[in-house]
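Me: I am new to this structure, and I would like to understand the words used for it. Could you show it and then take me through the terms one at a time?

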Amino acid sequence: MTGHRVLPPGIAELAVNYWRRALPTGAGLLAVSSLADGADQLFAAHALSVGGTLEAVLPCGNYAGSLPADGARARFENLARAAATVITMPYPEPCEQGYLAAGHALVDRCDHLFAVWDGLPARGLGGTADVVAYARARGCPVTVLWIDGARRA
């Protein structure tokens, strides 16, 4: 899973409805997420709610501190505790290299990448577009979930 942190109206519902139809439930689902606020947490929560297993790939050691205190940090901590595996990239603080490394590690662990993505270039190294490009270059199937015309902030 890769995706934007801020989702315009309708995108979260589109993604969850798609996952409900397309993904297995129970032990048949192994979800890999970096647990960022927005799309990553949405996917992780969905996977756990249907009995799947969660693997977290974090970009740095102090990742929780980079998340907004509006609930995203608490959701992150709950999801990280619920994850069967937590892998942390070797960066002490958030940085673009850590985001890119986590994106690559995430793709290397999945057999299909879901991208809640507007199709635009990444706003910084390791953004959604970079993760999608890496997956495509590796031959990993990618499903992009977005509503035509929707714009992110």
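Reply: A residue is called buried when its relative accessible area is under 20%, exposed when that area is over 50%, and partly exposed in between, with a 1.4 Å probe and protein chains only. This is a predicted model, in which local features need pLDDT of at least 70 and side-chain atom pairs count only at pLDDT 80 or more, while totals for chains, interfaces and linings use all residues. Residues are numbered from 1 along each chain as its sequence is written, and side-chain values use heavy atoms, with hydrogens and water left out.

Me: Why is Arg138 called exposed?

Reply: Arg138 has a relative accessible area of 53%, and because the word exposed asks for over 50%, Arg138 is exposed.

Me: How many salt bridges does a search of the whole structure find?

Reply: The search finds four, and one of them joins Asp37 to Arg5, whose closest N and O atoms are 2.6 Å apart. Here too the partners come from distant parts of the chain, 32 residues apart, since Asp37 lies in the loop between strand S2 (30-33) and helix H2 (39-49) and Arg5 in the loop between strand S1 (2-3) and helix H1 (11-22).

Me: Why is Asp37 called buried?

Reply: The relative accessible area of Asp37 is 11%, which falls under the limit of 20%, and therefore Asp37 is buried, whereas Arg5, at 34%, is partly exposed.

Me: How do you know that Glu55 is buried?

Reply: Its value is 14%, and because this is under 20%, Glu55 counts as buried. The side chain of Glu55 meets that of Arg109 in a salt bridge (3.1 Å, N to O), and Glu55 also stands opposite Thr85 in S4.

Me: What makes S2 and S4 edge strands?

Reply: Two strands pair if DSSP finds at least two bridges between them, and S3 and S4 have four, in the parallel sense. The open sheet has three strands in the order S2-S3-S4. S2 and strand S4 (85-88) each have a single partner strand, so one side of each is left without a neighbour in the sheet.

Me: Why is a group of residues called a nonpolar core?

Reply: The name is used because the set holds buried Ala, Val, Leu, Ile, Met, Phe, Trp, Tyr and Cys residues joined through side-chain atoms within 4.5 Å. The largest such core has 30 residues, and those with the most contacts inside it are Trp19, Leu35, Phe76 and Val116. Apart from it lies another core, of 18 residues, among them Met89 and Leu113.

Me: Which elements do the buried residues of H2 pack against?

Reply: They pack against S1, H1, S2, S3, H3 and S5, where contact means heavy atoms within 4.5 Å. The buried residues of H2 include Ala39, Phe43 and Ala47.

Definitions and conventions
Helix = DSSP H or I, 4+ residues; strand = E, 2+ residues; numbered from the N terminus.
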